[in-house]
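Have the model open and follow along.

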Amino acid sequence: MRKKLLLSIISLLGVIQAWSYDVVVDGIYYNLNEETNEAEVTFESTSYESYSGEVTIPASILYSDIAYNVTSIGKKAFLRCSELLSIDIPNSVTAIGRAAFDQCTGLTSVDIPNNISFIDEYVFYGCSNLESIKIPNSVTSIGDFAFSGCSSLTEVTIPGNITSIGERAFYNCNELTSIEIPGGDIGAYAFSYCNNLSHIRIMSYCDIKGGAFSYCKNLTCIEVYSERPPYMPIDAFQGGSRDNAILYVPMGLARAQYMTDASWCNFTDIRMMKDDISITSAGIATYCYDHDLDFSEVSGLSAYIVSGFSPSTGTLTLTPVTKVPAGEGLLLKGDEGSYEVPFTTTDMYYSNLLKGVTTATEIDPTDGDNTNFILADGIHGINFYTVSETGELAAGKAYLHLPTSAVSALSRGFKLVFDDETTGISEKLKTDAETFTSGQMYDLQGRHVVRPAKGIYIVKGKKVIIK
């Protein structure tokens, strides 16, 4: 009898030890802090695998007539929940514990609350179907192995407040193609074996640990915006990561510093962050580049987008721009010569009727409900003319893309107006309309004008402006 009682007690203790939560509310397990009235999400038992399907964590729960704010997700709370498909985390959560979503292979995306300051170790380790994640600006550090093995991760946003990225934090994230790192410490093997990583952008001085970008064999572009070479050991880019990569550094004296640095000098192709743009004697060209550019300090060269048009006057509305995102179609105006335009980073978005091409592209006269125009030197000078037949537009150029319904009758194309002058004007600006009364005057539609108002006119075959 005594032996049976002892076995019963041991058995009971085993059951008690198997449970790891205080209460369950609407299918979610919690531990409660009765002093602070806070609740932490946890798991059902030591076997884990407590959740599946779509789970929504509430901001608060009611238990025994007491309200508890849900402020944290405990360590291993969702460990090995392979059938967990989605998780909705409220902003009341300020902490997510170690390995909280470890091996949740059914998750495809997660929104981390804005009040999280630290992504703990192994939090999303082995989430092999996680495709995208946005890390909020509140996060200042990412722990070791936090996203290691997220082999489907194609996009991750690292906020500017990050001061450290842990060891192997993004190890073996095979589908990650580009990454922007604000600075801080980059841990050992943090991005190692990211096989499709092609573009790295490091925004400020940082410490890079051994093997941080090792075995990233598809790297083609590395941009470091610090004029002083960041510290790193010689093996940070080992395993073929340097073989085909171009290292871009700030304009000026920085290139010489990188070329003489004990580790950075191992890159065989070190270039300054700029694009060399040549303008011919025509003074006008369309343009497109596969990197963000900054025209604000480039003397003698101006960049424009086409923000509107008038079919009745055959003119385009040109808006000057300075910081331009990659792939934006531009119209450039400047004196003949070569210009150095520095790289930048920008999140600007323009409503632009110009379409840029970064590779040679076949352009048709029409495209769906739109008509295409290209810049050419035609019977009306350098203007945008309709595409007459299918042809190839060279890489780094742009074309005009307008709705056919608005321009179907406009066979002559569009004229370019920059500020107070028109392409092709060969006379000085005039302020007195009587100057032209001795000659025949026509508007831009070819109609004879007897008493001209302010505008652009044709006199003796030349374009003039009356102000």
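What follows goes through the order of the strands, their pairings and a hairpin.

Keep in mind that this is a predicted model. The sheet is an open one built from 4 strands, and going across you meet them in the order E23-E28-E25-E26, with antiparallel pairing. As background, strands in a sheet pair through backbone hydrogen bonds, and they can do that in a parallel or an antiparallel way.

So what sits at the edges? That would be strand E23 (284–287) and strand E26 (315–321). Each has a single partner strand, so one side of each is left without a neighbour in the sheet. On average, neighbouring strands of this sheet are turned by 40° against each other, direction ignored.

E23 is joined to strand E28 (residues 330–334) by 4 bridges, and the two run antiparallel. If you want a residue pair to look at here, take isoleucine 284, whose bridge partner in E28 is lysine 333.

Next, step over to strand E25 (residues 301–310), which is joined to E28 by 4 bridges, again antiparallel. Along this pairing, look for alanine 303: it stands opposite leucine 332 in E28.

That leaves the pairing at the other end of the order. How many bridges join E25 to E26? There are 7, and these strands run antiparallel too. E25 and E26 form a hairpin with 4 residues between them. While you're in the turn, check glycine 314, which has a positive phi of about 65°.

Technical notes:
Residues are numbered from 1 along each chain as its sequence is written. This is a predicted model: local features need pLDDT of at least 70, side-chain atom pairs count only at pLDDT 80 or more; totals for chains, interfaces and linings use all residues. Side-chain values use heavy atoms; hydrogens and water are left out. Two strands pair if DSSP finds at least two bridges between them. Axes are lines fitted to C-alpha atoms, for helices over the stretch in contact, and angles run from 0 to 180 degrees between N-to-C directions.
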